[in-house]
Amino acid sequence: MVEVDYKVIVGLEIHVQLCTKSKMFCGCAVEFGAEPNSRVCPVCLGMPGVLPVMNKQAYEYSVLTAMALDCRIPTFTKWDRKSYYYPDLPKNYQISQYDLPLGENGFIEIPLESGKTKRIGIIRAHLEEDAGKNLHTAGSFSQVDLNRTGTPLLEIVTEPDMNSGAEVRALAVELQRMVRFLGVSEADMQKGHMRFEPNINLAITKDGVEYRTSIVEIKNLNSFRALERSVNYEERRQLDDFLETGKVMTMGSKTTRGWDDEREVSVLQREKEEAHDYRYFPEPDLVPVKLTPQWQAEIRANLCELPLKRQMRYIEQYKLSDYDAGVLTAERSTADFFEQVVEAGGEPKRVCNLLTQTGLKIANERGCGVSDLGVSAKSVGRLAAMVEAGKVGAGSSATVFEAMAETGKEPERLAEELNLIQKSDADELEAVVQQVLAENPNAVQDVTAGGKKSKKARGFLLGQVMQKTKGQANPKVVSEILAKKLA
Amino acid sequence: MEQLGAKQLRDRIAAGQASSVEATMAVFDRIRRFEPTIGAFISTCEERALQAAADVDSRIAAGESAGRLAGVPVAVKDNMCTTFGATTCASKILENFHAPYNATVVDRLLGADAVIVGKTNMDEFAMGSSTENSGLKQTVNPWDTARVPGGSSGGAAAAVAGGLCFAALGSDTGGSIRQPASFCGVVGLKPTYGRVSRFGLVAYGSSLDQIGPITRTVTDTALMMNVIAGHDPADSTSADDAAAAACDYLEKLDEPVEKLKIAIVPEYTAGADESVRRALSEAIEVYRKLGAEITQIDMPHLDYATAAYYVIATAEASSNLARYDGVHYGHRTQEPKDYVEVYSKSRAEAFGQEVKRRIMLGTYALSSGYYDAYYLKALRVRNLIRGGFAGAFEKCDCIMMPVAPTTAFKIGEKTDDPLQMYLSDIYTIGANLAGVPGISIPCGFDTDKLPIGLQILAPVFAEEKLLRIARMYERETDWHNRRPEMRKSIRG
């Protein structure tokens, strides 16, 4: 019997498109889906004699992200040219950073299914310009759209610290949430704002000897689902391949495979890593960037409590569920608004329900953030307090919230206008209860008899009271009266 | 009128004593007579120039203020982009390239009311020392039409020497302004790296390239600098600190530099022709008589300047010229087999020999496994040379040496021997590597009646002083007033 034990090893190369208004080295707008070659100028077209000028915002966004990734931030970085010929690269070199990236040696914490977190090392983060797109839709020739050329891209390279498809997915989700929180990228995978390229191989122990399979890089992943599945697929494929052929990693044995999303398989694209010589050398048209302590402090001032930390705190401090805390920390504006409402006196769980069940729904419909609904944190706080005090039912609170977003009026007035103030007056309700009990002797009998039917009958009576009060009775008070009467 | 300097002409036009249209017509008259022989221009734009001249004249007649180059006919080397006409870099690959933008220097010329008459010939992509590497035409030296005008700004220098314009802009990566100025008996200044915007200058060696004036007199060079120098936000490498702050180069031009300390480098320049060395020592004598103190210094690192230059410049060029691939603009090969052939054949067909040689040299120097031995080592040499100049300038105001080891050589004499050709730049390359300014001014003639240039080098951003030092000599001599005897259509 052969003993085989194995572990999958994954490192990620990630490209994040920064949400600057203009491109990395010229003033052209960064815009998705515009008419081909309409967002271009002599500089991003690489015409003779033009010169690049660094987009300061892109550099600051990148440094901020590197800070969030706990990277060491060198005070001196420079630009390099990376040379290769391709029609979507007008200069036939890309301005990038080679030996002095703007951030290195960091880490990111990712949540595991167990509820614990895992630390994944970050090797480096550097800034570069994106290439254009080659379009092969016109028959006998190809076309080039250079709108994307020169868009600022932050490249992040992780250590090979992930050991499952789920962990890879967790990192991707966490990074997306982080860059959105920092406001440096829209991070929409469908639009190519975030591109993940996993490098995958296996460490296999067979009969006490460790083997490593060849590293495979996967391309064409445009969803978290595809990312996770591609890793899982590779894990199986590489194991089967090893057991069948016994092939292990050798010099230059790295291959590139493309992910086929329909068939859910990876397909060989490039056998053997071609000996690429990019002939990097310092970009003479740009001056190196010197990050002064003051500038660094200005950038650091935009750093905030990061989403995972905040999520953990919400669970701990406000006793929210992992899911709810996750929803609230998906966007920084949501989390900030949530905290403002809590600060205004809202009970955290109530506020969470109001925001996740109603506020975010309206915001999604309007395509804005929950803080942009025209409803102040104080007003939402008061609505939460009204629910807490039993003045408005949990179900009615959604109606009130929607009306607040619609009219901008205060919750008290709207609850009044919409007749949604709960009746909690015990004397008034007792009369209604009395009437209902008199009209439904069978149900009363079922309750008092106890047994299987008791609970259902009690619910029926409560429902009758609610119906008679047109839903305005406070169910908690009604239940108490019922319990007393039927004791 | 053609005997006037650019500054004199401008002042007369501004004062309403001369007309720009008249001056421009006179220039085009000479172009018609002598250009077929000289071949200084790749393109001229007479109609546009006359219109601009008429516009200047009418604005001055209407009492509007005149620009610093009001109505002066000037020429621009054909590696500076203009929205009018083509910008070819004397290369077949850009033969039909029309830029949708002006180089910053061109905008500045136009903003100063200059009248641009044409774009001048050059070695293809500024790679060469004789303008023989032009892919489009040959330029000859107005002093002897069997000889080269120098290069790579040979067309600009020949045009100024031949009176085909009053001033011109050249570019200097390893001596390409100073050496042709010397060969053609005119003044040429390579400013400090970062002094003049490179935006719109088609790059050869980006860390070395610098635009500068070619004129008949030091005064005209100062005038041109007043127009083109200064920070440009479109060029990240253009200096904007206090040291580089713009100044009026004409203001104190005629004030001699007191207690002038001149350094010479006899060991380094011992290899120059005898006539060149004699002209240099005679020029030094002039300064000595003016009260200058002369010291001898040693700059051992300069022995490695040419080697370092040909690694750094070609490395940058290999990357800068990668964009000429037939995909987006410029020459494209007919019926390529696949997209790789679009690149390889377009480039093979349209680049000249010397450009190909330098692209290959530079590609090699940057290749993995060779980078440290060539590119990195060359950068270290460059740092030593920079340090050597900085150290030397602690002890002197300027360094004087020949511009080139020889005077203008015969057409075809060195075309088969690139290494010999490269040595034409031996004395000029140091300034580019160190980024310091250098000027070439006429300082005599050899036995063949060919002009000789005196090179003066100064610390970074010391152009104001450099021009004053050059002007001291010019006031004492009349070499700059000599004109070649121009004959019409010698070559028939």
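This is a predicted model: local features need pLDDT of at least 70, side-chain atom pairs count only at pLDDT 80 or more; totals for chains, interfaces and linings use all residues.

1. Asp113(B) belongs to the loop between helix H4 (104–111) and S3 of chain B, and although it is not a glycine, it has a positive phi of about 70°. Most residues other than glycine have a negative phi.

2. Ala126(B) is located in the loop between S3 and H5 of chain B, and it is buried, with 30 other C-beta atoms within 10 Å.

3. The loop between strand S3 (115–120) and helix H5 (154–161) of chain B also holds Ser152(B), which is joined to Gly151(B) by a cis peptide bond with an omega of about 10°. Most peptide bonds are trans.

4. The largest nonpolar core has 229 residues, of which Val74(B), Cys165(B) and Ala168(B) touch the most other members; the largest share of this core, nine residues, is supplied by H9(B). Beyond its neighbours within four places in sequence, Val74(B) has contacts that include Leu69(B), Leu109(B), Ile116(B), Val117(B), Phe166(B), Cys165(B) and Ala168(B). A second, separate core of 31 residues has Phe338(A), Leu355(A), Leu373(A) and Val392(A) among its members.

5. For helix H11 (residues 353–366) of chain B, the length is consistent with expectation, because 14 residues at 1.5 Å a residue should span 20 Å and the end C-alpha atoms are 20 Å apart. The buried residues of H11(B) are Val355(B), Arg358(B), Ile359(B), Gly362(B), Ala365(B) and Leu366(B); they cover an arc of only 130° around the axis, so they lie on the same side of H11(B). Their cover includes strand S15 (281–282) of chain A, as well as helix H9 (305–320) and helix H12 (372–393) of chain B.

6. Chain A is assigned domain 1 (11–196 + 277–290), domain 2 (307–417) and domain 3 (426–485). Between domain 1 and domain 2 of chain A, the C-alpha centres are 36 Å apart, and nine residues of domain 1 are in contact with five residues of domain 2. On the side of domain 1 of chain A that touches domain 2 of chain A, strand S5 (103–111) and helix H2 (165–182) of chain A each supply at least two residues, with H2(A) giving the largest share, five residues. The residues of that side of domain 1 of chain A comprise three nonpolar, two polar and four charged.

Terms used:
Residues are numbered from 1 along each chain as its sequence is written. Chains are lettered from A and ligands numbered from 1 in the order in which they are written. Helices (H or I, at least four residues) and strands (E, at least two) are DSSP runs, numbered from the N terminus. The expected span of a helix is 1.5 Å times one less than its number of residues. A residue is buried if 20 or more other C-beta atoms lie within 10 Å of its own, exposed if 12 or fewer, and partly exposed in between; C-beta atoms are placed from the backbone. The arc is that of the directions from the helix axis to the C-beta atoms. Two residues are in contact if their C-beta atoms, placed from the backbone, lie within 7 Å. A nonpolar core is a set of buried Ala, Val, Leu, Ile, Met, Phe, Trp, Tyr and Cys residues joined through C-beta atoms within 7 Å. Domain bounds come from an automatic or database domain assignment. Ala, Val, Leu, Ile, Met, Phe, Trp, Tyr, Cys and Pro count as nonpolar, Asp, Glu, Lys and Arg as charged, and the others, Gly among them, as polar.
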